[in-house]
Amino acid sequence: EIPEDLLGGPDPLPRPLVVDLNGDGQLEVVACTHAHSLQVLQPARAGRAGDGFAGAGVLAEVSLLPAASRVAAGRRPVALGHGFLDPAPRDLVHRPRKQVLVVVTDGLAVLCFDHNLRLLWEQALDGH
């Protein structure tokens, strides 16, 4: 059981993902923030970098707020997922596969981002 204060209090965020977004063989950490953004972080490489934890660098960040209004109501991330849009190729030699990220907000908006955090599409699930 994870203590509530580590999960962000009464408004917890989705758990971060550890995934190879761009198919380069390197894992990235994808995390939502309380500032209504999505971040891709580069974990520190293996090895001793001093005492304690080594910081992760931010590779990319995108706001989950609508571009036109920047209103935060209904834009808190509640679910985060990843996957492929296309089926796995059958041949043995193929290009690296790029994954997408999907975020669901508390206002029932579903946002799909490519591996570079470019918004591919957004859909409201509340019927509006």
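Modeller: The largest pocket is lined by 11 residues, and D86, R95, P96, R97 and K98 lie nearest its centre. The model is a predicted one.

Biologist: What makes up the lining of the largest pocket, by class?

Modeller: The lining has 6 nonpolar, 1 polar and 4 charged residues.

Biologist: Which residues form a nonpolar patch on the surface with L85?

Modeller: L120 and W121 form the patch together with L85, and the three have about 320 Å² of accessible area together. A patch residue needs over 30% relative accessible area, and L85, at 59%, therefore passes that test.

Biologist: How do you know that E122 and R75 form a salt bridge?

Modeller: Their side chains meet at 2.8 Å, N to O. The limit is 4 Å, so the pair qualifies as a salt bridge. This pair links distant parts of the chain, with E122 in strand β8 (residues 119-124) and R75 in the loop between β4 (57-63) and β5, 47 residues apart.

Biologist: Why are E122 and R75 placed in separate accessibility classes?

Modeller: R75 has 7% relative accessibility, and buried means under 20%, so R75 counts as buried. E122 has 39%, which falls between 20% and 50%, and E122 is therefore partly exposed.

Biologist: What makes D106 and R76 a salt bridge?

Modeller: The closest N and O atoms of D106 and R76 are 3.8 Å apart. That distance is within the 4 Å limit, so the pair is called a salt bridge. D106 lies in the loop between β6 and β7 (109-113), and R76 in the loop between β4 and β5, 30 residues apart.

Biologist: How many salt bridges does the structure hold?

Modeller: The structure holds 3 salt bridges. One of them joins D114 and R118, whose closest N and O atoms are 3.1 Å apart. D114 has 9% relative accessibility, under the 20% limit, and therefore counts as buried.

Key. Residues are numbered from 1 along each chain as its sequence is written. This is a predicted model: local features need pLDDT of at least 70, side-chain atom pairs count only at pLDDT 80 or more; totals for chains, interfaces and linings use all residues. Side-chain values use heavy atoms; hydrogens and water are left out. Patches are made of residues with over 30% relative accessible area and no salt bridge: like charges are joined within 9 Å, nonpolar side chains (Val, Leu, Ile, Met, Phe, Trp, Tyr) within 5 Å. Accessible areas come from the Shrake-Rupley method with a 1.4 Å probe; for residues, only the protein chains shown count as cover. Buried means under 20% relative accessible area, exposed over 50%, partly exposed in between (1.4 Å probe, protein chains only). On a 1 Å grid over the protein atoms alone, a cavity is a set of points where a 1.4 Å probe fits but cannot get out, and a pocket is an open set with protein on both sides within 12 Å along at least five of seven lines; lining residues have an atom within 4 Å of a point. Ala, Val, Leu, Ile, Met, Phe, Trp, Tyr, Cys and Pro count as nonpolar, Asp, Glu, Lys and Arg as charged, and the others, Gly among them, as polar. Helices (H or I, at least four residues) and strands (E, at least two) are DSSP runs, numbered from the N terminus.
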